[in-house]
Amino acid sequence: MGAVTRVLPEQPYASLAEYRAAGGGRGIEVARKLGPASVVDEIEAAGLRGRGGGGFPTGVKWRTVAGHASAALPATVVVNGAEGEPGTFKDRTLLRATPYAVVEGALIAALAVGADRAVVALKATFEVERVRLEAALAEVTAGTDWADGVNLGVATGPSEYLFGEETALLEVLDGRPPFPRIAPPFRHGVDEVGPRPDQPAGTVMAEPGATVAPPTLANNVETMANVPLLIAEGADWFRSVGTRESPGTVLCTVTGATRNHGVAEVALGTPLAEALELIGGGPVEGRRLVAAMSGVANPPVLAERFDTPLTYEDMQRIGTGLGACGFLVFDDSTDMAAVGAGVARFLAVESCGQCTPCKQDGRAIAEALFRLCAGEGAGEDPGVVADRVATVADRARCFLAHQQERVVGGILVQFPDALARHLDPSTPPVTPEPIVPIRDIVGGRAELDLHQLDKQPDWTFEPTDSGQAPADRMGAGRP
């Protein structure tokens, strides 16, 4: 099938004028003619699914937010650019190449849900993307009427993985740490009104049908970048690529044990093997690929299933998920216990600790895997991992604990001897894989954020861990 360029242009747009010359701006013009309700209808008819990882139907989300309009304040649109999934670099690639499409998409969304504000949320460390985005906002504000009645802005936040979780992101925009909420954004947005505006929104679930707290529409960068052309060309055009349940295209990141690393746009339905070859160039000489894993949210896909199409439904059918379509690739030199250790450590460290099993069981999983990798494991350690995987997601407020359950549990099933072999004294010690976010991709190679390996479970970079969960250390309540 090859690469396509619906969303990601072949070359970055140097200016708003270049973007408009390529057809940019037609989406907002058509949206204004259609009106809010018809825009939502078109998004729903197109079948666009959220590209942040979950694949939730975008039209359903927009209709829900529009249906929870507040009598007190307008809604807010938040573009989630807090990309931190290991193996993924597609949102930052988009923001560097076409920030104008992201802004135009956000303004169409604001029209659709009656918002008077659109905010793009980035990690403070994303300096290149912030500069590019702020310049684009200035051009749009000064040179067009696209933002008529909508206040545009950029907000920056912490480097924590949970900043990318939808409700935790709203907590950051409200001036608090990135601890996931109970209440979804269509119940509690970024404007808090009522008797206890000082109380974190995460501790209270608004009543169904409440019309005081205004809702927030939160969508991922790639999702928003799809909107302008979808509205300009229509739902049928959007569905002309992809599959019935997963229409359109997806930005795929490939890193790890391949010749090249990079990001490209492919049609949904493209076989995983084709994407790995197109973007990654196949295995390095003398090696054989054995598995690929979409971030740290989904179990690995074994090489014998690389013919699986890249769709939400097909990936689910084989027991994994498409996620953010950022594939960490492993070859026959990879020790999968080391992969499990790297994943478990990343998630255990990044857990906020509001849910005790997530933090404590997550740490126990990581510590047992680290002992095994170091050749210091005891006979009960494989059982410890299996037992804690079964309880880590108990009463979980967000999806992070389920990621431990899915990824580490998946490795236990797919590579049943991976842990036990490290109890054999003849098995040499192995260093856990550095499962961390990508800092940049330069010259076809991913530069990893190795500083994350020094982070303590209390979210400090002190020489020793304080023993406190971040939620306790930073003053958040538990459910």
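Biologist: Against which elements do the buried residues of helix 3 pack?

Modeller: In this predicted model, the buried residues of helix 3 pack against helix 2 (26–34), helix 4 (58–67), helix 6 (99–113), helix 9 (221–233) and helix 10 (235–238). The buried residues in question are Val 39, Val 40, Ile 43 and Ala 46, within a helix that spans residues 36–46.

Biologist: How do you know on which side of helix 3 they lie?

Modeller: They cover an arc of only 130° around the axis, and therefore they lie on the same side of helix 3. Just after this helix, Gly 47 takes a positive phi of about 75°.

Biologist: What makes the contact of Glu 44 and Arg 63 a salt bridge?

Modeller: The definition asks for a side-chain nitrogen of Lys or Arg within 4 Å of a carboxyl oxygen of Asp or Glu. For Glu 44 and Arg 63 the N to O distance is 2.6 Å, so the pair meets the definition. Glu 44 lies in helix 3 and Arg 63 in helix 4, so the pair ties together parts that are 19 residues apart in sequence.

Biologist: Why is Glu 44 called partly exposed?

Modeller: The term applies between 20% and 50% relative accessible area. Glu 44 has a relative accessibility of 32%, so it counts as partly exposed. Arg 63, with 36%, is partly exposed as well.

Biologist: Is Glu 350 buried or exposed, and how do you know?

Modeller: Buried means under 20% relative accessible area. The value for Glu 350 is 2%, so this residue is buried. Lys 455, at 4%, also counts as buried. These two residues form a salt bridge, with their closest N and O atoms 3.0 Å apart. Glu 350 lies in helix 13 and Lys 455 in the loop between strand 11 (445–448) and helix 17 (470–473), so the pair ties together parts that are 105 residues apart in sequence.

Biologist: What makes Glu 447 and Arg 439 a salt bridge?

Modeller: Their closest N and O atoms are 3.5 Å apart, and the limit is 4 Å, so the pair qualifies. Glu 447 is partly exposed, at 30%.

Biologist: How many salt bridges does the whole structure hold?

Modeller: A search finds 27 salt bridges. Arg 51, Lys 90, Asp 91 and Glu 222 are linked in a network of them.

Biologist: Which residues lie nearest the centre of the second largest pocket?

Modeller: They are Thr 125, Phe 126, Ile 438, Arg 439 and Asp 449, among 25 lining residues. By class, the lining has seven nonpolar, five polar and 13 charged residues.

How values were computed: Residues are numbered from 1 along each chain as its sequence is written. This is a predicted model: local features need pLDDT of at least 70, side-chain atom pairs count only at pLDDT 80 or more; totals for chains, interfaces and linings use all residues. Side-chain values use heavy atoms; hydrogens and water are left out. On a 1 Å grid over the protein atoms alone, a cavity is a set of points where a 1.4 Å probe fits but cannot get out, and a pocket is an open set with protein on both sides within 12 Å along at least five of seven lines; lining residues have an atom within 4 Å of a point. Ala, Val, Leu, Ile, Met, Phe, Trp, Tyr, Cys and Pro count as nonpolar, Asp, Glu, Lys and Arg as charged, and the others, Gly among them, as polar. Buried means under 20% relative accessible area, exposed over 50%, partly exposed in between (1.4 Å probe, protein chains only). Helices (H or I, at least four residues) and strands (E, at least two) are DSSP runs, numbered from the N terminus. The arc is that of the directions from the helix axis to the C-beta atoms. Contact means heavy atoms within 4.5 Å.
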